[in-house]
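Please look over the sequence and the model, then read the short report on them.

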Amino acid sequence: MTGNGSRHGMTLAEKVLARVSGLDHVVPGQIIEGRVDLAMMHEQGAQTVGPFHDMGAKKVWDPERVVIAIDHWVPASTEGAAVLHRILRKFAAEQSLPHFYDVGNHGICHQILAENGWVVPGDLCVGTDSHTNMLGAVGSVSAGIGPTEMAAVLALGRLWLKVPPTIRIRVRGELGRGVTAKDLVLRVLGEVKTTGATYKSVEFSGPTIESLSMPERFTICNMTTEMGAKCGMVAPDAKTFEYLQKTAKHAMHPLYADPDADYEQTIDIDVTGMPPMVACPYSPDNVRPMPDVAREHIKVDQVFLGSCTNARIEDIREAAVLMKGQKVHHGVRFIVSPASTSIYSQCLREGLIEVFTEAGAVFTNSSCSACFGGNMGILSPEEVCASSSNRNFPGRMGAKEARIYLMSPAATVATAIRGEITDPREMM
Amino acid sequence: MEEIIRGRVWTLGDDVDTDGIISGKYLTVIDPNELKKHVFEIALPEFAKGARPGDILVAGVNFGCGSSREHAPQALRAIGVGAIVADTFARIFFRNSINLGLPTIEVRGVRAIFENGDPARIEMRGGTVTNERTGTQIRFPPLPTHLLELLDAGGLVEKVRRELAGQAGA
């Protein structure tokens, strides 16, 4: 704090945190009490119920601001998961929580928040999942918290936050044919690394970011989690307002970084001529250009097109264009899992499910699916998987020796067809 | 929370992620006493059998990165870990751990001064970590008052319980 009247402007995250704490100005490092606009729980929320009662809390602070969306094991695939679901259903009934996305109306929690307009510009959103960062794409501060902390949020409607310093990532240049928002965020991860944004806000801007659709912005904000970030953000614009026009559940407070905002670091990236990218085992920041990886003819056992990072209708449509009329390579298991039930229905209407099943892929019900190694599509030791998801740490999708390569949805299809890691541009 | 924490050290490397602390296949387990049997199955397999109450974890950078699962610090607390000291922590793990009342301290350079099995001594408010075998000491900025109070209360549940009880009584 300068204290001499010459205080700096604020970054986008600082603007939102000032708003939700009722302050005119905040600075990085300051601890604030933020009013929560939206609290989201998935199965981990079952561990919120015990602490909520232990705190002596009687009622949830605002049932209209709480969304429960089960997604990791849907429908319940183990007895343990069934118990978690039952705890949540019972809690929702007792507390009269009306916004429960249960089996049949389900989807990955972040996608449920996105497509139903639960998070809007200027919001503070917290969720019991690390990829809650995804919702920052609408110009909100959205962050993951644990279930004990969520119990306090449900009781009080607020939580303490340390105002994070902001890294600004300015992107210019046009993404080439076959190069996607996923490749862009992998490129950023290769530079920022898994610790480069720990505790920080990542603010994306520049002409390339402005040109991205909302689904693409969700993809890049989603993977700020892998950079260690508290939140990832894109300032709202006409695309944001159009996306939320019919669905916004509460009033928007569009906020923008001040021209004289104080950034801890600015990274400029030009994506002109950038090839598709791949994150190699065993870290999402072990990023290499796809042509170099493809040259090694890495054989795969399983391919996964799914997760909150990349299983929206746009991702599946793009994948279906490459898949149509082709076959999944002999000996390869290709799992496609849409991010929500509404996306599943849209795929059905557009005939996309048939494209994949005719090719020999398995098109599953919507869930987190193979991404986290606890439900389906689990890998055995020595297996190799190409995936459109967000993490490839040891043991992420099953056996700790299994090797996971992260890539765009288009690249997963090219890889499923050839049976080895393949540059999708070779098939376009 | 004790002002001075002493214990035997287990060392870990950089980027120990929460999958490495508690694998995804145990996420439907709620009972911390069951969870603790599987702690570090991937990152430090000998830990679950060999750990004694009061042991201290010393790790490198970005400890607890990855998934937000609170199962990770819950399992560590259940097995009796007295404190976790690391060069840096991932943010959700850090919050979860403090919220559960588990002393979690960021000390740059700490990993380099310990070997497995060394005795450690931590002064929470004094801001020092000492290897009692070698005598090497590192100073660190103590946790903010807000977080020390949370640890003193024994975690977030107790802190909010007192706050709500105070409101009801007011």
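The model is predicted.

## Chain A as a whole

Chain A holds 14 helices and 18 strands. Its radius of gyration is 21 Å, close to the 22 Å that the globule rule gives for 428 residues, so chain A is as compact as a globular protein of that length. The C-alpha trace of chain A spans about 65 × 50 × 40 Å along its principal axes.

Of the 428 residues in chain A, 58% are buried. Now take the contacts in chain A between residues at least 6 apart in sequence. Of these, 77% join residues at least 24 apart.

## A sheet in chain A

Strands can join side by side. In general, strands of a sheet pair through backbone hydrogen bonds, either parallel or antiparallel. Chain A has an open sheet of 5 strands, and the pairing in this sheet is parallel. The strand order is S4-S3-S2-S5-S6. Strand S4 (100-101) and strand S6 (141-144) of chain A stand at the edges. Each has a single partner strand, so one side of each is left without a neighbour in the sheet.

Look at one pair. Strand S2 (residues 38-41) and strand S3 (residues 66-69) of chain A run parallel, joined by 3 bridges. The bridge partner of A:Met40 is A:Val67, in S3(A).

## One helix in chain A

Which residues of helix H12 (residues 341-349) of chain A are buried? They are A:Thr341, A:Ile343, A:Tyr344 and A:Cys347. Seen down the axis of H12(A), the buried residues fall within an arc of 155°, so they line one face of the helix. An α-helix has 3.6 residues a turn, so residues three or four places apart point the same way.

What do the buried residues of H12(A) pack against? They pack against helix H11 (313-323) and helix H13 (352-359) of chain A. After H12(A) comes A:Gly351, with a positive phi near 75°.

## Where chain B touches chain A

In the model, 36 residues of chain B are in contact with 43 residues of chain A. Three helices of chain B give two or more residues each to the side that touches chain A: H1 (18-21), H5 (91-99) and H7 (156-169). H7(B) gives the most, with 6 residues.

What classes of residue make up this side of chain B? It has 15 nonpolar, 12 polar and 9 charged residues.

Methods. Residues numbered from 1 in each chain as written. Chains lettered and ligands numbered in written order. Predicted model: local features only at pLDDT ≥ 70, side-chain atom pairs only at ≥ 80, totals over all residues. Contact = placed C-beta atoms within 7 Å. Helix = DSSP H or I, 4+ residues; strand = E, 2+ residues; numbered from the N terminus. Nonpolar A, V, L, I, M, F, W, Y, C, P; charged D, E, K, R; others polar. Rg over C-alpha atoms; globule rule 2.2 N^0.38 Å. Buried ≥ 20, exposed ≤ 12 C-beta atoms within 10 Å, placed from the backbone. Arc of directions from axis to C-beta. Pairing = 2+ DSSP bridges.
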